[in-house]
Amino acid sequence: MTTQLTMIQPDDWHIHLRDGDALATTVPHAASSFNRVICMPNLVPPVKTAQQAVDYRERILAALHQSDIDTKRKDSFDPRMVLYLTDHTTADDISQAVATGVVSAVKLYPAGATTNSADGVTDILGRGSVFDAMQKHGLPLLVHGEVTHAQIDIFDREKRFLDDVLSQIIKNFPELKIVMEHITTADAADFCLAQGKHIAATITPQHLLFNRNHLLVGGVKPHYYCLPILKRADHQKRLLQVATSGNPKFFLGTDSAPHATHTKEAACGCAGCYSALHALPLYAAAFESVDALDKLENFASVYGANFYGLPVNNSTITLVKKPQTIPQSFDYLGDKTLTPLLAGETLDWQVVQ
């Protein structure tokens with residue numbers, strides 16, 4: 001039985017750090033485990049230009065250096081930035097972003113799909129000149145894969161996005177690198193498998209560990225509520241199969257998303273699970289549940305770097321099989337709290353600090 005796992009330092013290819021005072025909590029949490037992080041641009045206001053991306057990165061690094069995290073982690077942590085795609089993004093915006101050297105992707109939020117997505121794209125297939133520029137530069141498109149039509153059931157929105165939108169983008173822009181972010185269904189997993197090597201997907205710990213019963217049975221559990229929403233158990237099982245299959249199309253992206261506790265535990269609670277500090281133990285639990293701990297290193301540390309054309313990290317991290325109790329909350333935004341996923345519960349694995 002495996003009781004210790006030393007692996008290449010992982011990267012998180014989808015994380016929300018937010019901005020301002022939130023960075024004092026989220027950045028050191030992320031940097032404690034991950035080397036590179038793909039920083040989501042859905043701030044208020046969004047990160048729409050190359051200069052805004054550079055400025056945001058500087059704020060992230062400033063927060064890191066003001067923290068008490070280990071000096072080695074401060075020196076190696078590498079936030080990778082993302083532009084927020086809008087109806088007004090131009091090909092020139094893409095060229096300027098690439099020239100910074102720190103922008104690694106462009107994010108497609110269908111307008112209204114999730115938190116702070118009001119500025120998202122309303123005419124996705126009308127973004128042809130931008131997608132052409134991204135193909136030219138090899139800049140990946142990250143997609144939040146849900147349609148937002150009010151008449152479409154929330155549990156069907158990912159499948160409809162695959163059929164109605166993503167398949168058309170791939171057809172019209174056959175060389176565009178695309179990451180299907182935080183996939184939640186067997187449909188998305190199989191769609192990804194059917195595409196070429198330029199199409200990949202990230203999978204979150206919550207979608208590997210939980211299904212909609214965890215969210216809804218016995219009362220609504222707001223800290224399991226995320227978008228795309230948790231699906232049926234058979235979809236969870238399929239995600240576990242592809243995540244642990246050793247296929248390089250699938251890699252780690254936590255979608256860790258901080259919301260102050262009072263905004264989650266509310267009449268209209270925010271969507272998002274916070275896992276930045278304990279994501280690796282969560283993934284270890286998921287992989288161990290199907291006897292696939294030997295597949296975790298590539299999923300967490302190799303496949304994403306290869307897809308983005310970046311070097312695999314030189315540093316390592318060690319997980320030990322030793323129970324830890326997840327904190328009930330973290331200090332957040334000065335006078336508020338942030339409740340992590342599985343707050344107060346016990347995980348079998350922990351990172352050696």
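**A close look at an aromatic pair**

Tutor: Let's begin with Phe287, which has a relative accessible area of 0% and therefore counts as buried, since the cut-off is under 20%. Phe299 is buried as well, at 1%. Keep in mind that this is a predicted model, so everything here is computed from its coordinates.

These two side chains belong together. The structure holds nine aromatic pairs. In the one made by Phe287 and Phe299, the ring centres are 5.2 Å apart and the planes meet at 50°, so the pair is tilted. The pair also links distant parts of the chain: Phe287 sits in helix H12 (residues 279-289) and Phe299 in helix H13 (residues 296-308), 12 residues apart.

Phe307 and Tyr308 make a pair of another kind: their centres are 5.9 Å apart and their planes lie at 75°, so the pair is edge-to-face. The limit for that label is over 60 degrees. Phe307 and Tyr308 are both buried, and together with Trp13 and Phe251 they form one aromatic cluster. Elsewhere, Arg212 lies over the face of Phe155, 4.7 Å from the ring centre.

Now let's step from the rings to the helices around them. Helices H12 and H13 are among the elements that cover the buried residues of helix H10. Helix H10 spans residues 233-243, and its buried residues are His235, Gln236, Leu239, Leu240, Val242 and Ala243.

Pro228 is found in the loop between helix H9 (212-216) and H10, and a cis peptide bond joins Leu227 to Pro228, with omega about -5°. Another cis bond runs from Val44 to Pro45, with omega near 0°, and Pro45 is found in the loop between strand E3 (36-39) and helix H2 (50-65). His182, in the loop between strand E7 (178-180) and H7, has a positive phi near 40° although it is not a glycine. At 2% relative accessibility, His182 counts as buried. These are worth a second look, as most residues other than glycine have a negative phi, and most peptide bonds are trans.

As for cysteines, a search of the whole structure finds zero disulfides. Cys192 is buried at 0% relative accessible area, and its sulfur is 19 Å from the closest cysteine sulfur, in Cys226, which is too far for a bond.

Finally, the whole chain. The protein chain contains 13 helices and 13 strands, and of its 353 residues, 57% count as buried. A compact globule with 353 residues would have a radius of gyration near 20 Å, and the chain's 19 Å agrees. Among contacts between residues at least 6 apart in sequence, 73% join residues at least 24 apart.

Key: Residues numbered from 1 in each chain as written. Predicted model: local features only at pLDDT ≥ 70, side-chain atom pairs only at ≥ 80, totals over all residues. Heavy atoms only, no water. Phe/Tyr/Trp six-rings, centres within 6.5 Å; stacked < 30°, edge-to-face > 60°. Helix = DSSP H or I, 4+ residues; strand = E, 2+ residues; numbered from the N terminus. Buried < 20%, exposed > 50% of the residue type's maximum accessible area, 1.4 Å probe, protein only. Lys NZ or Arg CZ within 6 Å of the ring centre and 35° of its normal. Rg over C-alpha atoms; globule rule 2.2 N^0.38 Å. Contact = heavy atoms within 4.5 Å. Disulfide = S-S within 2.5 Å.
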